[in-house]
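Please keep the sequence and the structure in view while reading.

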Amino acid sequence: LTKFMSMKLLILVLIFTLFVGCRVSEIREIKIDLHDARVEDPACLSRIKYALTTGKEAKVGIDGVTRFVESPLPGAESISVKPVSGENAIIVTYDAMTAGRKNLEDYLAQNGFNAGDYKAVESERQILPKSWFVATEKE
């Protein structure tokens, strides 16, 4: 009987340790370079926040055609965005247990913004107002 009780107690302690030891969230803050976006424009910043929380994601259908569908980024409810003064960059606060830097940059690119190492999807960029972007030498 005592051996059974000891085993039962050990199992309970292990289960408790698993639940207490698991992290539920890890809030991080990172800087993302948006290269040419005027992030201090309130409308532009609002669209950036939309891109990260409710934005579009490329999905390939069974017919092989790529379509952009509304698809929230995992952990979107914890994301906040603020501009970096004097730079074409943003500070993003997010839950690192549900998304990473590359996910954030990829979502921004799929919504028309050059972000980090990701180039904007041109068809999505054409939809955005030109006033949201710094003119480049090519333009």
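Helix α3 lies across strands β1 and β5, and α3 runs at about 45 degrees to β1; helix α2, in turn, lies across β4 and β5, running at about 150 degrees to β4. These angles run from 0 to 180 degrees between N-to-C directions, with axes as lines fitted to C-alpha atoms, for helices over the stretch in contact. Helices (H or I, at least four residues) and strands (E, at least two) are DSSP runs numbered from the N terminus.

The model is a predicted one, in which local features need pLDDT of at least 70 and side-chain atom pairs count only at pLDDT 80 or more, while totals for chains, interfaces and linings use all residues. Residues are numbered from 1 along each chain as its sequence is written, and side-chain values use heavy atoms, with hydrogens and water left out.

| Helix | Residues | Residues meeting the other helix |
|---|---|---|
| α2 | 42–53 | Ile48, Ala51 and Leu52 |
| α3 | 101–110 | Leu104, Tyr107 and Leu108 |

By class, this contact of α2 with α3 has 6 nonpolar, no polar and no charged residues, where Ala, Val, Leu, Ile, Met, Phe, Trp, Tyr, Cys and Pro count as nonpolar, Asp, Glu, Lys and Arg as charged, and the others, Gly among them, as polar. The two helices α2 and α3 pack at an angle of about 120 degrees, with their axes 8 Å apart, and are therefore oblique to each other; angles under 35 degrees count as roughly parallel, over 145 as roughly antiparallel, 65 to 115 as roughly perpendicular and the rest as oblique.

Within helix α2, Leu52 is buried, with a relative accessible area of 0% (buried means under 20%, exposed over 50%, partly exposed in between, with a 1.4 Å probe and protein chains only). Leaving aside neighbours within four places in sequence, Leu52 is in contact (heavy atoms within 4.5 Å) with residues including Leu73, Ala76, Ile79, Val81 and Val92.

Val81 and Val92 are also bridge partners, Val92 being in β5. Strands β4 (residues 80–83) and β5 (residues 89–95) run antiparallel and are joined by 4 bridges, and they form a hairpin with 5 residues between them, where Gly86 in the turn has a positive phi of about 80 degrees. The open sheet has 3 strands in the order β1-β5-β4, with antiparallel pairing; two strands pair if DSSP finds at least two bridges between them. Because β1 (27–33) and β4 stand at the edges, each with a single partner strand, one side of each is left without a neighbour in the sheet.
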